[in-house]
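Okay, thanks for having me, everyone.

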Amino acid sequence: MSQAPSRTVVVLAAGEGKRMKSATPKMLQPLLGRTLLGHVLATSAAIKTDRTVVVVGHKADEITAFLAEVAPEATPVLQAQQNGTGHAVRIALESTPDLTGTVVVLSGDVPLLRPETLEMLLATHERAGAAATVLSAEVEVPGGLGRIVRGADGGLERIVEAKDASDEERRIREINSGIYAFDAVLLREALGKLSTDNAQGEEYLTDVFGILAAQGHRVAIEVAESWVETLGCNDRAELAQLRVLMRDRVNGAWMRSGVLLLDPATTWIDVTATLEPDAVVDQNSQILGSSSVATGAVVGPDTTLIDTTVAAGATVLRTHAIGASVGPSASVGPFSFLRPGTRLAAKSKIGGFVEAKNAELGEGAKVPHLTYVGDATIGAKANIGAGTIFANYDGVRKSHTTVGEAAFVGSDSVLVAPVEIGPGAYVAAGSAVTKDVPAGSLGVTRAQQRNIEGWTVRKRPGTVSAAAAEAADITSDQE
C-alpha cells in the first residue's frame, strides 16, 4: 500500500491591508470569536497536514506573537518586502529546502473556507496526480478577481489577473479563489521561472499554472460548491459582509442542532461558544468567547454573554455578563451586570439593576433589586434587600463580606467589608454595618428619628412644598 504524500500548508499573511485603515493588522481583525487569520488556521488544522508555514510581513512581530499563542505549531517566515504571492511562496519553500509532497497555499483572509472544501481540493489534486490544482468559483460579478481561462477541452489553460485581463477575459465569471494545491518539487522549479512583467510588477503565483501546463504537466480545477467560501476582504465594509455571512452560517448550524433562535438576524454567536438543544436565545443577544448555554436556558432579549456559563433552565434577561456562571434554574436581570467571578448556584436570583463582582450566591439566595455586590459570599436562601451596597473597597484594598444561610439584609443597608452576617441573622433596613452580626441576631445602626415641626414653612417659604404644608395645616385645623 503506497504511503500518502506529506502535506504542507502555506498561509499568506504578509500584506499590509491599507484599506482597513486600522492600527490592527488586517490578518488580526476580529470576526466572531477568532481573527481572520485564526479562522484560516482553524480550517487548515482540521485537515491532515504535516506542517504549517505562515508568511508574515506587515507588523510581523504582532502576527508572530499571535501565532505563538493560538497556533504554536505554525512556523512564521518573514517576507521583508512584499513582491507578490509568488515571491511569498518562494520564501516559504526556502525555509524548508527538502520539502516534498503536496503544498497547500491559502490566503490569510478567507475565513469562510470550510475544511470539507479544502479536503475536496486535496482529493482532486492527489487523485489526479496533478502538478497544480486551483479552487475556483462561479461569481455573478467577478469585479477585480482573477479569472480562470479554460482551453478547448475544458481544462485549465491559465489564470489571468483582472488587471492583466482582456475585455473578453473579464467577461469570464469563473474566478480564482487564491487557494491552491501543488506538487512541492514542481512548484519550487516553476517559482524560479517567474517574472515581474505584469501590471503590478510582482511575481504572480498564478503564473505557475501556465508554466506547468506549458511543460506538459497536468493542472486541475476544483470548483467550490459556494463562492461565499472564497471571499476575502480588503476594508471594513467587506469585513462586515463576512461577519453577516458567518453569522448566518453559525446560526443556521445551531438551529439545525435544536437551538431556538427567536431572531437570527440580531443574534451573534462566536464560533467558540457552545449551545445545547432546546436552549433559547431571544433577539438582540450575543453569545461570545467561551460562553455556553445549556438545555432549557433562556438568554435575552438584549443580552451579552462573554465567557459566561448558563446552566440548564436558567434565565438571563437584558444582562451583560463577563466571566460569570449562572447555575441551574437561576435567574438574572433585567438590566444587570455580572462581572468576572460572579457565581450563582441553583435557583438563586440576581434581579433588576444589580451589579455583582466576584460574588457567590448559594442555592436559592436572592439579590432582587438595585444592589451592588462586590467580593461577597451569600449563603443559601439569604435575601438581600433593595438598595444594599457591599462596600468592598476602602481606597487601598478590597475586602470580603460573608452573608450566612437564610440571613436577611434590609433595604438601603451598607455592609462595610470585612464583615460577616451570621446564619439566620437580620440587618435592619437603613443600617451601616461595620461589625459582625452573630447568627440569629438583629444588627441595627440607625439613629433615632427626630421631627422638626413647621420647618418647611419657615425655611422654604414661597415654595410649592410650603404651600402644600400650609394647606395641610388649614385642613387639619378645620377637622
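So, which domains does the domain assignment of the chain give? Domain 1 covers 7–230 and domain 2 covers 259–443; those bounds come from an automatic or database domain assignment. Before I go on: this is a predicted model, where local features need pLDDT of at least 70, side-chain atom pairs count only at pLDDT 80 or more, and totals for chains, interfaces and linings use all residues. Residues are numbered from 1 along each chain as its sequence is written, and side-chain values use heavy atoms, with hydrogens and water left out.

Now the interface. The centres of the two domains, taken over C-alpha atoms, are 49 Å apart. Four residues of domain 1 are in contact with five of domain 2, contact being heavy atoms within 4.5 Å. Between them the domains bury about 370 Å², with 66% of that on carbon and sulfur atoms. On the domain 1 side, Leu32, Gly33 and Arg34 lose the most area, together 93% of what that side buries. Buried area here is the accessible area (1.4 Å probe) that two parts lose on being put together, summed over both.

Searching the whole structure, though, turns up 19.

Let me show you a few. Lys59 and Glu62 pair at 4.0 Å, N to O. Lys59 is partly exposed at 31% relative accessible area, and Glu62 is partly exposed at 38%. For those words, buried means under 20% relative accessible area, exposed over 50%, and partly exposed in between (1.4 Å probe, protein chains only).

Next, Arg173 bridges to Glu140, with the closest N and O atoms 3.5 Å apart. That pair links distant parts of the chain, 33 residues apart, with both partners in loops. Arg173 is partly exposed at 37%, while Glu140 counts as exposed at 64%.

Then there's Glu169 with Arg158, at 2.2 Å, N to O. Glu169 sits in helix α5 and Arg158 in strand β9, eleven residues apart; helices (H or I, at least four residues) and strands (E, at least two) are DSSP runs, numbered from the N terminus. Is Glu169 buried or exposed? Buried, at 11%, whereas Arg158 is partly exposed at 32%.

Terms used: Salt bridge = Lys/Arg side-chain N within 4 Å of Asp/Glu carboxyl O.
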